[in-house]
Amino acid sequence: MEFSDALALVHPFLAVALVFPAIGITAQMAWQTRQRRLELSKVDDKGKRKSKIPATVGREHVAIGRWLTGLVTGVTLVALVYVLVFKTKIWTQPVGTATFIVLMFVATIASIAMLYRTRPNQPQWRAGWTTLASAGLIILGCQDGVFRRTNEWYMSHYYFGITVSILMLASLAMLPEIYRDKTQRWRKAHIALNCLAVLLFVGQGFTGARDLLEIPLGWQRSHLSQCNWATRTCPERPTNDVSP
Ligand code: HEM
Ligand code: HEM
């Protein structure tokens, strides 16, 4: 396998080995947090509120959830770095474009870091950094070379990936509001947005595996470029095959 092909595996590897296990833990803790809250909202025959679920689940959900935001946005940035380096070949771009792309990466990572550092009593800053980080991901994803599958957006790894990354940033930004809001509106919004996120994560598992299957290895590319994708036919023998 060529070096560039091996590097293409870094993103799927990180997603499978780190991100998906973290999603599983976060979802399990989320379910328990909700169950515990619902159990405690009811009074039993003896007039007591009881739950066998430990009181720490909420805190643990949030702790792993904070990691999840970093892991998902991180794995998205790794995919975009790979595409922009090996497909867009950033060094072949005009200096202005290349500088802009590098600055966008720096600004996006800095915005995510600042979002982590923002205090709970600074909602305007949390909203600001989330907007900047999301804009950074979208702008990087709009560059040439990123395979967006716009004509089939409903099964596009790119659109799902960017959306779910923004949903994770939004969850981190909303965090203090969930605790502060007595009407539970932020909690309900959090549940709705993250149920959607779970569906998108499942979609990422499918569309990512499909894309991995469809992308040829470096040495196969020149042969496969001679194929007719519409009729799904390839020349019997590649024209640049020099073997006897
Ligand atoms: C797979 C993604 C996620 C899902 C499915 C999910 C779902 C949930 C659910 C069902 C609850 C319980 C709501 C209730 O009490 O009725 C909850 C609570 C909460 N979630 Fe998430 N969540 C996810 C990711 C995140 C992330 C990334 C963060 C922040 C970084 C986060 C922060 C919180 C907070 C602060 C609470 C309140 C916990 C408490 O009451 O102690 N969640 N989430
Ligand atoms: C949380 C899960 C994931 C997220 C957020 C995510 C996000 C992304 C994004 C934003 C891109 C760049 C757009 C593109 O070129 O399509 C990308 C590319 C890619 N992803 Fe994922 N992904 C995830 C999981 C996976 C998994 C599980 C696999 C495979 C098993 C995978 C395989 C790929 C492949 C093959 C590419 C294309 C790279 C290229 O064009 O050479 N991804 N991903």
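Which element gives the largest share of the shell around ligand 1? Helix H3 does, with six residues. Helices here are DSSP runs of H or I, at least four residues long, numbered from the N terminus.

Some ground rules. This is a predicted model, where local features need pLDDT of at least 70, side-chain atom pairs count only at pLDDT 80 or more, and totals for chains, interfaces and linings use all residues. Residues are numbered from 1 along each chain as its sequence is written, chains are lettered from A and ligands numbered from 1 in the order written, and side-chain values use heavy atoms, with hydrogens and water left out.

Ligand 1, then. 21 residues surround ligand 1, each with a heavy atom within 4 Å of it. The closest are Arg34, Arg37, His61, Arg187 and His190. By type, the shell has eight nonpolar, nine polar and four charged residues. Nonpolar covers Ala, Val, Leu, Ile, Met, Phe, Trp, Tyr, Cys and Pro; charged covers Asp, Glu, Lys and Arg; the others, Gly among them, are polar.

Now the iron of ligand 1. His61 and His190 are its protein donors, each through NE2, lying 2.0 Å from it. Donors are N, O or S atoms within 2.8 Å of the metal (3.2 Å for Na, K and Ca). His61 is in helix H3 and His190 in helix H7, 129 residues apart.

One more contact here. A polar side-chain atom of Tyr179 lies 3.2 Å from an oxygen atom of ligand 1. The cut-off for such a pair of N or O atoms is 3.5 Å.

On to ligand 2. Its shell holds 23 residues, and His11, Lys87, Phe147, His157 and Gln204 come nearest. Here 15 are nonpolar, six polar and two charged. Helix H7 gives the largest share, six residues.

Which residues coordinate the iron of ligand 2? His11 and His157, both through NE2, at 1.9 to 2.0 Å. This site is octahedral too, with six donor atoms and angles of 88 to 180°. His11 is in helix H2, His157 in helix H6, and 146 residues separate them.

In the side chain of Lys87, an N or O atom is 2.7 Å from an oxygen atom of ligand 2. For Gln204, a side-chain N or O atom is 3.4 Å from a nitrogen atom of ligand 2.

Technical notes: Polar contact = N/O pair within 3.5 Å; in protein donor to acceptor, adjacent residues only side chain to side chain. Helix = DSSP H or I, 4+ residues; strand = E, 2+ residues; numbered from the N terminus. Tetrahedral: all angles 85-135°; square planar, octahedral: opposite > 155°, others 65-115°.
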